[in-house]
Amino acid sequence: MTEDAAGIPATRKTSRERAFNRSTNCNTLLMNLTTQYGRLTLKNPFVAGSSGLTDSVDSLVELERAGAAAVVLKSLFEEEILNDMKLQLGTMSSSGFVYPETLDFYKYYDGPKESASSYLDLIQKAKAKLSIPVIASINCMDAENWTYFPKQVEQAGADALELNIFNLPSDMNKSPLENEQVYFEIIRKVQSQVKLPLFLKISYYASSLAAFIKELSETGIDGLVLFNRFYNPDIDIDSLELTSGAILSNPQDIYQSLRWVAIMADRVPCSLIGSTGIHNANGAIKQILAGATAVQITSTLYKNGIPYLTQIINQFETWMQSKNYHQLSDFRGKLSQKNSENPAVYARTQFMHYYRNFPKEL
Ligand SMILES: Cc1cc2nc3c(=O)[nH]c(=O)nc-3n(C[C@H](O)[C@H](O)[C@H](O)COP(=O)(O)O)c2cc1C
């Protein structure tokens, strides 16, 4: 079967894509924004990241209407799954199950007590209403006890599962190997339960990041989301109390992800998805040029409202048109480390030229 540059068999092309093929001689070209997101084919590279904007059917519908190609549901915490299991077993007790990191969550949580079952309900309702892929999300720290749940996620109809593994390597008694081994245990256990496309959203806290990303990519997962953005504590110097750092990202927060997408692009056998600090079309374009197959966006939708996504997609298309690009493969990875004319730039962390010549007065 013949495939186009995005890897889509000719027989599975939509009417929009066929129109694009027919119109290549016209002045106004219909862009083909389709992309592979692991085993999922998306109509464009814009995915709504997991957040409070993806926890109800109404806002999911709004995201689809604004142009999102897929949605990642608000994460269910591993502890919620365990809690639900305990409720079902009639032995409700949270002690021993809850990590210090999520104690606060439980203190202020006033949602349904059976959160895991409500989550399955959300998946089913979202699937009934949306035509774009619905990706479930689980926030986890280890591979204990909860890994039966992805089977239920699969049965509820989710198109894929994203695991948000949060593990700040702050325990001085744990070796790098111990810290990172848990990722592979989780993947192994989940893969033994389900055939769902599996994505991992990770952080950049790893002892040898490139090797870690490569090893993860070789486990058979569909994609890696680079990177998660963590809650950051701050200090109030007047009240001398700990406070919360900014919850929403800024466009300047893109650089960490951009660098690592560029370094790893076309060197791993799974999709790389850019995440954090992508606030506009420019951010998304940079990520695709670096080699991402798609991007996840969240903060910009909080700041500018969900309909802003339509504007981002239109500006993305306008840029493609201005460069005479017709499909993502025309420019995806053009500026990855592997393809760029100056690959050393991505490896430089102390760039003498820029630091030395920086003006003393701005
Ligand atoms: C209010 C809020 C809630 C979030 N909730 C989740 C969550 O439940 N699970 C998750 O994996 N990420 C969650 N995130 C992180 C986002 O999915 C995303 O990774 C992060 O915000 C970086 O992307 P951005 O710069 O586009 O915001 C949340 C982010 C925000 C701002």
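Does Asp 159 count as buried, partly exposed or exposed, and at what relative accessibility? Asp 159 counts as partly exposed, at 22% relative accessibility (buried is under 20% relative accessible area, exposed over 50%, partly exposed in between; 1.4 Å probe, protein chains only).

The model is predicted, with local features needing pLDDT of at least 70 and side-chain atom pairs counting only at pLDDT 80 or more, while totals for chains, interfaces and linings use all residues. Residues are numbered from 1 along each chain as its sequence is written, and side-chain values use heavy atoms, without hydrogens and water.

**View A. Salt bridge between Asp 159 and Lys 127.** The N to O distance is 2.9 Å; a salt bridge is a side-chain nitrogen of Lys or Arg within 4 Å of a carboxyl oxygen of Asp or Glu. The structure holds seven salt bridges. Asp 159 lies in the loop between helix H6 (149-155) and strand E7 (160-165), and Lys 127 in helix H5 (residues 115-129), so the pair, 32 residues apart, links distant parts of the chain. Lys 127 is partly exposed, at 28% relative accessibility.

**View B. Salt bridge between Lys 151 and Glu 154.** The closest N and O atoms are 3.4 Å apart. Both residues belong to helix H6, and because they are three residues apart there, about one helical turn separates Lys 151 from Glu 154 (helices, H or I, have at least four residues and strands, E, at least two; both are DSSP runs numbered from the N terminus). Lys 151 is partly exposed at 33% relative accessibility, and Glu 154 is partly exposed at 21%.

**View C. Salt bridge between Arg 229 and Asp 253.** The side chains meet at 3.9 Å, N to O. Arg 229 sits in the loop between strand E9 (223-226) and strand E10 (233-236), and Asp 253 in the loop between strand E11 (241-244) and helix H9 (255-264). Arg 229 is partly exposed, with a relative accessible area of 28%; for Asp 253, also partly exposed, the value is 28%.
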